[in-house]
Amino acid sequence: MGYELETPTRDFYAATVDVRRLESAAVDADRRLRAALARSRQLRGHVGADDPVWLAVQIRIAEARHRWREATDALSDIAIDAD
């Protein structure tokens, strides 16, 4: 008796705030990735492969893809922990 009272409870409000923050980060990262890819498509054929503008766009794509992966991985970790 009383053991149930000693079990730590989950702070559902904090968990909800974390999920919303991570969802927002994932949506923002997805938007940035799509914008970088669209910019890359616009420039294709107009600049050379060694053009600084092209290289900057490719770096933005890589950064956006990295941020998107981080956000979606964090969301999936929360989903796995909830199971």
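Keep in mind that the model is predicted. Helices H2 (12-43) and H3 (52-82) each put at least two residues into the pocket lining, and H2 and H3 are also the elements that give two or more residues to the core.

**The largest pocket**
- The largest pocket holds about 260 Å³ of space.
- H2 is the top contributor to its lining, with seven residues.
- Sorted by class, the lining comes out as seven nonpolar and five charged residues, with no polar ones.
- Among the charged lining residues are Asp-28, Arg-32, Arg-60, Glu-63 and Arg-67.
- Leu-22, Ala-25 and Ala-71 are also included in the lining.

**The nonpolar core**
- Seven residues make up the largest nonpolar core: Leu-33, Ala-36, Leu-43, Trp-54, Val-57, Ile-61 and Ala-64.
- H3 brings the largest share of this core, at four residues.
- Ala-36 and Ala-64 turn up in this core, and Ala-36 and Ala-64 line the largest pocket too.

**Trp-54 and its contacts**
- Leaving aside residues up to four places away in sequence, Trp-54 touches Ser-40, Leu-43, Arg-44, Val-47, Gly-48 and Ala-49.

**Ala-56**
- Ala-56 is found in helix H3.
- Its relative accessible area is 28%, so Ala-56 counts as partly exposed.
- Ala-56 and Ser-40 are 16 residues apart along the chain, with 9.8 Å between their C-alpha atoms.

Note on methods: Residues numbered from 1 in each chain as written. Predicted model: local features only at pLDDT ≥ 70, side-chain atom pairs only at ≥ 80, totals over all residues. Heavy atoms only, no water. 1 Å grid on protein atoms, 1.4 Å probe; cavity = no way out; pocket = protein on both sides within 12 Å on 5 of 7 lines; lining within 4 Å. Points joined across faces, edges and corners; volume = space filled by probe spheres on them. Buried < 20%, exposed > 50% of the residue type's maximum accessible area, 1.4 Å probe, protein only. Core = buried A, V, L, I, M, F, W, Y, C linked by side-chain atoms within 4.5 Å. Contact = heavy atoms within 4.5 Å.
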